[in-house]
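Open the model in your viewer and keep the selection tool at hand. This tour goes from one selection to the next.

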Amino acid sequence: MDLELVEAGALLHDSGRCRTHEIAHAVEGFRLATGKGIEPEVAEIIKRHIGAGISKEEAKELGLPEDDYFPRRLEEKIVAHADNLVKGTNRITIQERLELMRKKMYLNM
């Protein structure tokens, strides 16, 4: 595992929030990172950190560019899962995250 990559990804994963606070912040952050010449591995962390991963089909339904947003590398998984344990500025439990996801799914049905 590359700890410097995890640290860089953790620091930059929400950079797209300067353009939007919607789920598309991952795509915006990826665009910003690639446009600024950020290492591709860091840009992928930014793109793949949303939720627990999003399939091409789900991405299309959410209005994202049709792509695979599942974290693949260990560093991507660490940042994505750590991000899921934070809500705003507060740390939350896995159980609390699951409940939030259930509520969100229920509201979108």
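Start at Arg73: at 37% relative accessibility, it counts as partly exposed (buried is under 20% relative accessible area, exposed over 50%, partly exposed in between; 1.4 Å probe, protein chains only). This is a predicted model, where local features need pLDDT of at least 70, side-chain atom pairs count only at pLDDT 80 or more, and totals for chains, interfaces and linings use all residues. Residues are numbered from 1 along each chain as its sequence is written, and side-chain values use heavy atoms, with hydrogens and water left out.

Arg73 forms a salt bridge with Glu75, with the closest N and O atoms 3.4 Å apart (a side-chain nitrogen of Lys or Arg within 4 Å of a carboxyl oxygen of Asp or Glu). Glu75 is buried, at 6% relative accessible area.

Next, select Glu44 and Lys47. Their salt bridge has its closest N and O atoms 3.6 Å apart. Both residues are buried.

Lys47 lies over the face of Phe30, 5.0 Å from the ring centre (NZ of Lys or CZ of Arg within 6 Å of the centre and within 35 degrees of the ring normal).

Finally, select Leu5, Val6, Ala33, Val42, Ala43, Ile45, Ile46 and Val79. These eight residues form the largest nonpolar core (buried Ala, Val, Leu, Ile, Met, Phe, Trp, Tyr and Cys residues joined through side-chain atoms within 4.5 Å). Apart from it lies another core of seven residues, including Ile50 and Leu64.
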